[in-house]
Amino acid sequence: MELEVRHLRLICAVADAGSVTKAAANLGLAQPALSAQLGRIERMLGGPVFERNRTGARPTPLGDFMIARARLLLPAVTGLREEAARLSDHGRPGELPAQLTVGSATGHLLGRLVHHLTAAYPALHVATHVSWSADELASLVAAGRVDYTLVGVCDEAPPPSQAGLTWRVLGIDPVFVLLPTRHPLADRSEIELGDLADEQWAATPGDGCFADCFTSACAKAGFIPRTLLETDMASCLDLVESGDAVVLCQPMFRHMDSVVALPIAGVPLRWRHLIGWHPEGPAVGVADQVIKLAGLAYFDVIARSPRYSTWLLNNQGYGVDPALDAHPRSSG
């Protein structure tokens, strides 16, 4: 085993997070897998990089040395890749690369974007990379491993802070709440946040400020929420169907007989959909086309949600950014 750039990134991720468990969540990895990888790195280096206990992970002297060197080397490697991409023959306007890798955090757009990309460019090989962490996806774009990434941010929060990336807002959605159809409030056209003060809450995970924004919205509604459980979408559905929790969700949630997605009165929580890329990346030449197709993907997922489509008719300023000119007749 030889030391690789990805090993340096892993060491820095653990140092930044302060624990292996938090680093694994940020990287979208299982904690045992990250621990095993860290163990292999430590065996290769000849000693422990971190002292691990119940309070987290603290660098050893060897760890301090490795972290300091990694923080010098990683930007240099990123710069090397960016310069190589700039000097290559890729990236000219309209030029289609042989492969396009698209990243996505939690959301509904990726599948339809892949559909529109392969429909518009049959010879293009489309690869995907999915992570709970928008910051990880931004880092992969900066490193040249992902060409474009779809992420979401809460309300007016900034996009991931990875330097040098370009971000485009695709649209803005309200946050809805998912209830079981047998819930006593499920037949309402919209629901007051305060009416759910006694509920257990759940949502899919992420690394932004959504949990803080939710807590603030609840405080304005006059209550302190119970713990916000973070888990995968399948588990969220199980919690709703069993009546154990209500789930914060995106409004284009597909119809299911056992649950219903309702708007929250006054729109106390909003979600912005962004697409990001590197302005000197190898696939920058097709940025306009990818953005337009991402708009079409967004339009598609809204159109398959009658409740949200109706809501948009009476609430201006939400949904697909009109500047994208998304329309379903534009693609097959």
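Let me begin with the basis. This is a predicted model, in which local features need pLDDT of at least 70 and side-chain atom pairs count only at pLDDT 80 or more, while totals for chains, interfaces and linings use all residues. Residues are numbered from 1 along each chain as its sequence is written, and side-chain values use heavy atoms, with hydrogens and water left out. The helices (H or I, at least four residues) and strands (E, at least two) that I name are DSSP runs, numbered from the N terminus.

Two packed helices are described by the angle between their axes and the distance between the axes. The axes here are lines fitted to C-alpha atoms, for helices over the stretch in contact, and the angles run from 0 to 180 degrees between N-to-C directions.

Helix α1, residues 5–17, and helix α2 cross at roughly 115°, and their axes come within 8 Å. This crossing of α1 and α2 is right-handed; the term means that the near helix is turned clockwise from the far one by less than a right angle, and left-handed would mean anticlockwise. On the α1 side, Ala13, Val14 and Ala17 meet Val20, Lys22, Ala23, Asn26 and Leu27 of α2, where contact means heavy atoms within 4.5 Å. By class, six residues in the contact of α1 with α2 are nonpolar, one is polar and one is charged. For these classes, Ala, Val, Leu, Ile, Met, Phe, Trp, Tyr, Cys and Pro count as nonpolar, Asp, Glu, Lys and Arg as charged, and the others, Gly among them, as polar.

Helix α2, residues 20–27, also packs against helix α3, residues 31–45, at an angle of about 110° and with the axes 9 Å apart. That angle makes α2 roughly perpendicular to α3, given that 65 to 115 degrees counts as roughly perpendicular, under 35 as roughly parallel, over 145 as roughly antiparallel and the rest as oblique. The crossing of α2 and α3 is right-handed. Val20, Thr21, Ala23, Ala24 and Leu27 of α2 make this contact with Gln31, Leu34, Ser35 and Leu38 of α3. The contact of α2 with α3 has six nonpolar and three polar residues, and no charged ones.

Buried means under 20% relative accessible area, exposed means over 50%, and partly exposed lies in between (1.4 Å probe, protein chains only).

In helix α5, residues 110–120, the buried residues are Leu110, Leu113, His116 and Leu117. They cover an arc of only 125° around the axis, so they sit on the same side of α5; the arc is that of the directions from the helix axis to the C-beta atoms. The cover over these residues of α5 includes β3 (99–104), β4 (125–130), β5 and α9.

Which residues are buried in helix α10? In α10, residues 306–313, they are Tyr308, Trp311 and Leu312. Their arc around the axis is only 100°, which puts them on the same side of α10. Pro306 and Leu313 are exposed, on the face of α10 turned away from its buried side. Among the elements covering the buried residues of α10 are β6 (166–174), β7 (176–180), β11 (259–263), α9 (287–303) and β13 (319–320).

Thr60 lies between β2 (56–59) and α4 (61–87), and is buried at a relative accessible area of 7%. Not counting residues up to four places away in sequence, Thr60 touches Pro48, Val49, Phe50 and Glu51.

Two residues have a positive phi. Asp155, not a glycine, has a phi of about 50°. Asp155 is in the loop between β5 (148–154) and β6 and is partly exposed, with 29% relative accessibility. Val267 likewise has a positive phi, near 50°. Its loop runs between β11 and β12 (270–277), and Val267 is buried, with a relative accessible area of 18%.

Ala221 is found in the loop between α7 (210–220) and β9 (228–230) and is partly exposed at 36%. Leaving aside neighbours within four places in sequence, Ala221 is in contact with Leu193 and Gly194.

Finally, Arg69 belongs to helix α4 and is partly exposed, at 43% relative accessibility.
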